[in-house]
Amino acid sequence: MDVAVLSREKKKIVIIGANEFQLPLVEAAARRGLETHVFAWEEGAVAREAADFFYPVSIVEKEKILSLAAPLRPAAAATIGSDLAGITVNYLTNRLSLPGNPPETAVLATDKPAMREAFRAAGLYTPRFLTFARGKTPGEPVCVRPQDAARVSGEPVCVPPQDAARVSGEALRTASGGDCRPGRRDGRSCHPEIFDGWQWPLIVKPVDRSGSRGVTRVDDFRQLPPALELAFSCSFSGEAIVEEFIEGEEFSCEGISFEGRHRLLQVTKKYTTEAPSYIERGHLESAALTEKYLEMVKPTVFRALDALHIRNGASHTEVRVRPDGEVCLIEAAARMGGDCIGSDLVPLTTGLDYVGMVLDAALGLPPSFSASPREGAREAAGIRFVFNGEDLRRVEEAAKKRPSGVVRQCFQAGNLENRPKDSATRHGFCIFQGDETWLREILTLPASDHRIG
Ligand SMILES: Nc1ncnc2c1ncn2[C@@H]1O[C@H](COP(=O)(O)OP(=O)(O)O)[C@@H](O)[C@H]1O
Ligand SMILES: [Mg+2]
């Protein structure tokens with residue numbers, strides 16, 4: 001084919017996932033003149049219509065996707081939605097030598113114990129933690145990572161990957177604290193003395209899920225077995241992490257990285273339900289907040305991104321700021337924040353085109369910060385989720401009082417009295433923009449009953 005024909009050929013992008021959260025990426029890629037090849041299950045594939053080519057393949061079938069994507073010779077692969085989609089994008093970018101993050105980031109940014117180990121190895125504050133799996137005896141969980149559990153109950157101890165930079169994702173998983181393949185359950189049983197010297201309460205989570213699925217705070221040892229059982233049942237690998245509870249206000253930090261250099265775009269205050277489950281019930285971004293926290297959290301966030309080898313693309317880092325001012329990491333992800341933070345709140349409050357930046361980085365171009373600030377971009381913006389009928393009434397009332405402050409709303413059909421047990425089972429949301437006092441009022445409206453049934 002001659003060069004003139006080649007140069008006229010459209011560049012191709014592979015996009016993983018097609019639900020409503022991916023739609024902005026597919027549309028932005030099309031606006032850039034890219035030919036979009038979208039891979040996802042057909043069910044819920046809202047972005048299918050907007051795609052040039054749609055492939056009904058599950059986002060976890062990475063080898064199959066690679067075999068279909070390789071002949072296209074794409075210029076980029078990207079996603080903005082989920083950790084799972086991110087793992088496949090990481091696999092594709094490494095196999096096809098496209099701009100992206102190194103292979104180990106796929107594990108470090110999605111496996112909570114491996115992430116904690118990487119943070120600790122980087123000298124970042126990390127609470128004590130242990131990893132458990134179901135034991136051979138029903139109801140008796142065993143500690144499977146780190147192998148030397150006895151040492152962890154004294155001074156916080158790190159069992160770091162020996163040389164995380166050089167090992168592949170799979171190798172790292174094994175290197176990061178013992179063999180945790182299914183069927184291999186030869187760790188220590190879960191007895192109270194394992195936690196000698198720990199600060200209670202503890203928090204129990206599946207090692208590899210998101211959206212607060214299977215998260216429980218436990219205040220004494222008797223609450224631990226059911227909390228572990230819940231986390232095992234939600235976890236893809238059947239493992240749960242138990243860690244000390246960090247007190248403090250919670251924030252998330254949206255970033256963009258290019259060739260290993262990071263920029264922090266926005267800090268978002270997180271509102272969650274109370275113990276035991278900590279489900280996100282709202283988020284707030286405001287200039288005052290940003291000013292107060294941006295410089296304070298930035299060094300910790302950047303060190304966390306380096307620890308996870310995040311070099312290219314969006315990132316979402318969650319922190320708690322303890323009452324003594326110490327910034328403590330909850331987790332970090334190699335993607336933009338969900339819950340409409342990356343897609344809506346960041347552009348609303350900064351005027352920046354965050355999705356466009358993700359595209360830039362995926363194409364190997366420096367992210368563009370030149371987007372002209374939107375009208376009202378210095379105003380605060382927030383999202384409030386609906387947990388039940390009473391909640392919906394309150395949110396609608398607030399929206400009716402100031403319709404010009406409503407950016408968009410989306411309420412799920414279904415029984416409003418089914419209590420949400422994680423982010424995915426909330427009943428909808430409303431995004432507001434306006435002055436901070438008004439938004440804080442909306443976000444702190446009494447949330448009637450958020451307990452889990
Ligand atoms: N060690 C901890 N200390 C205090 N709160 C925590 C801790 N771990 C998790 N949480 C709370 O639980 C929520 C969900 O935990 P997280 O690790 O972010 O899991 P997910 O991947 O489901 O978002 C956090 O946003 C936070 O409110
Ligand atoms: Mg989280």
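Predicted model: local features only at pLDDT ≥ 70, side-chain atom pairs only at ≥ 80, totals over all residues.
Q: What makes ligand 1 lie between two domains?
A: Domain 2 (111-244) and domain 3 (249-443) both give residues to the shell around ligand 1, so the ligand lies between them.

Q: Which residues come nearest to ligand 1?
A: The shell holds 19 residues, and Ile 203, Ser 210, Phe 245, Ile 246 and Tyr 278 come nearest. Strand 8 (202-206), strand 14 (313-321) and strand 15 (327-333) are the elements that each give two or more residues to this shell.

Q: Why is strand 11 called largely enclosed by the rest of the structure?
A: A residue counts as buried if 20 or more other C-beta atoms lie within 10 Å of its own. Seven of the ten residues of strand 11 (residues 249-258) are buried, so the strand is largely enclosed.

Q: How do you know that strand 11 and strand 14 pair?
A: Pairing requires at least two bridges between the strands. Strand 11 and strand 14 have nine, in the antiparallel sense. Gly 255 stands opposite Ser 315 of strand 14.

Q: What makes strand 11 and strand 12 a pair?
A: The cut-off is again at least two bridges. Strand 11 and strand 12 (residues 261-272) have eight, in the antiparallel sense. Phe 258 has Arg 261 of strand 12 as its bridge partner.

Q: Where in the hairpin of strand 11 and strand 12 is there a positive phi?
A: Two residues lie between the strands of this hairpin, and Glu 259 takes a positive phi near 50°.

Key: Residues numbered from 1 in each chain as written. Chains lettered and ligands numbered in written order. Near = placed C-beta within 6 Å. Helix = DSSP H or I, 4+ residues; strand = E, 2+ residues; numbered from the N terminus. Domains from an automatic or database assignment. Buried ≥ 20, exposed ≤ 12 C-beta atoms within 10 Å, placed from the backbone.
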